[in-house]
Amino acid sequence: METPSAAVTRGRVLWALLLATLGSSAGQPLGGESMCTAQALARYSITFTGKWSQASFPKQYPLFRPPAQWSSLLGAAHSSDYSMWRKDQYVSTGLRDFAERGEAWALMREIEAAGEKLQSVHAVFSAPAVPSGTGQTSTELEVHSRHSLVSFVVRIIPSPDWFVGVDSLDLCDGDRWREQVAVDLYPYDAGTDSGFTFSSPNFATIPQDTVTEITASSPSHPANSFYYPRLKALPPMARVTLMRLRQGPRGFAPPAPDLVGRGNEIVDSLSAPETPLDCEVSLWSSWGLCGGPCGQLGSKSRTRYVRVQPANQGAPCPELEEEAECVPDNCV
C-alpha cells in the first residue's frame, strides 16, 4: 500500500508535468501552424507602391474631388491570436471607420487592446499617405519570433469602403527570417457600405456583410467601378515589398544588392498594363414625330448618348442616331 508521503510526492510530480505541458502549449501557434525558431527579433523595411493608373483602371477613374489616391498605411506585427481583417469575415468597428472614412483612432485602440490583453501584438507601424494613384510610401517595422505575422490596410480614396492590404503574412520560415517578400495587392470590399462606384454617396449595408474580394466580374453590375467583363482578372492595384534589414556596427542597413529579385518577389512587366474599356451607350430615346409631305412616306428618328467613352483599344461606340420610314400624322 502506498504511503501518504509517497502519494504527495507523486502528486507534486504530476502537477509539475501538467504545468509544463500547459506552458509549452500556450507558446504554440494556433491552427496547426509551424513555430518560428529564428532569432528573436528582425527588422524590415516595408514599401507600398500604388499602381492605380488611368491606363490600368480607365473606368470612372477619379480625376478630381478628390483625385485617385491612397490613405496612410496602418499595420501590426502579431501572433496568430490576433486578426486585423480576414476575407469572408466581418470587420471590426475600427476597420469599418478606417475603410469608410480613413479614421484610424478606433482601429489603433483595438490593436493596442489586443496587445495588452492577449499579448498578441508586438508592434504597430504606419506609413504616410500617397497623394496620387501611383506612388510610393515606406516605413520600418520589427517582428518577433512569437509575433512573426504582418497585417496592414490602406484605404482606396475615393471609395465607399474599399481597401487593399495583407492578412497575416508570415515573415518567418522555420528557423530563419525571409530576406525579401513581395505581394501584389487587389481591392477588397469591407462589407459595410453598398456603394458601387468610387464616388458613391454613403449607403450603409444592413445587415453588415463580410469582407469580399472585388474582381473584374464581381460584383456583377455594369455600374461597378471595377467591372471589366472582358478581363479574366484585374491587374494589381498596388504592391508591397518587405526587405529584411541587417544590423551592422552603425545600425540597420538594407540587404546587399545580390539579394534583390530572389525569394518571393514577383517580377514587374516593363510597363503598366492597359485595360481595354468598351464604349457604353444609353438606351434609345422614344421615336420623334413623323414628318414629311402628304401622300408620301416620311421619316422619324431616335437617339442615344455615350455613357462611357472607349479607352485602350476597347470596342468603339455604335451609331447614336437612327432613322426609320413612317406615315406622317400631320402632313403638309
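The following legends describe close-up views of a predicted model of a protein chain.

**View 1. The protein chain as a whole, with three helices and 17 strands.** Of the 332 residues in this predicted chain, 39% are buried.

**View 2. An open sheet of six strands in the order 3-2-5-6-10-11.** The pairing within this sheet is antiparallel. Strand 3 and strand 11 (212-213) are the edge strands, each of them pairing on one side only. Helix 2 packs on the sheet, where it touches strand 2, strand 5 and strand 6, and its direction makes about 35 degrees with that of strand 5. In general, the strands of a sheet pair through backbone hydrogen bonds, in either a parallel or an antiparallel manner.

**View 3. Strand 5 (residues 149-157), with nine of its nine residues buried.** Because every one of these nine residues is buried, strand 5 is largely enclosed by the rest of the structure. Side chains in a regular strand alternate between the two faces of the sheet. Both faces of strand 5 are covered: Leu 149, Ser 151, Val 153, Arg 155 and Ile 157 are buried on one side, while Val 150, Phe 152, Val 154 and Ile 156 are buried on the other.

**View 4. Strand 5 and its pairing with strand 2 and strand 6.** Strand 2 (residues 69-78) runs antiparallel to strand 5 and is joined to it by eight bridges, and in this pairing Trp 70 has Ile 156 of strand 5 as its bridge partner. Strand 6 (residues 162-170) is likewise antiparallel to strand 5, the two being joined by six bridges. In strand 6, Asp 170 is the bridge partner of Leu 149, and Val 164 stands opposite Val 154.

**View 5. Helix 3 (residues 105-118) and the elements it packs against.** The end C-alpha atoms of helix 3 are 20 Å apart, which agrees with the span of 20 Å that its 14 residues should have at 1.5 Å a residue. Its buried residues are Ala 106, Leu 107, Ile 111, Ala 114 and Gly 115, and these pack against strand 2, helix 2 (93-101), strand 3 (121-127) and strand 5. Helix 3 lies across strand 2, strand 3 and strand 5, and it runs at about 160 degrees to strand 3. Just after the helix, Gln 119 takes a positive phi of about 55 degrees.

**View 6. Ser 45 in strand 1 (residues 41-51).** The relative accessibility of Ser 45 is 18%, and Ser 45 therefore counts as buried, the cut-off for a buried residue being under 20%. Leaving aside residues up to four places away in sequence, Ser 45 touches Thr 139, Glu 140, Thr 241, Leu 242, Met 243 and Leu 245.

Methods
Residues are numbered from 1 along each chain as its sequence is written. This is a predicted model: local features need pLDDT of at least 70, side-chain atom pairs count only at pLDDT 80 or more; totals for chains, interfaces and linings use all residues. Side-chain values use heavy atoms; hydrogens and water are left out. Buried means under 20% relative accessible area, exposed over 50%, partly exposed in between (1.4 Å probe, protein chains only). Helices (H or I, at least four residues) and strands (E, at least two) are DSSP runs, numbered from the N terminus. Two strands pair if DSSP finds at least two bridges between them. Contact means heavy atoms within 4.5 Å. The expected span of a helix is 1.5 Å times one less than its number of residues. Axes are lines fitted to C-alpha atoms, for helices over the stretch in contact, and angles run from 0 to 180 degrees between N-to-C directions.
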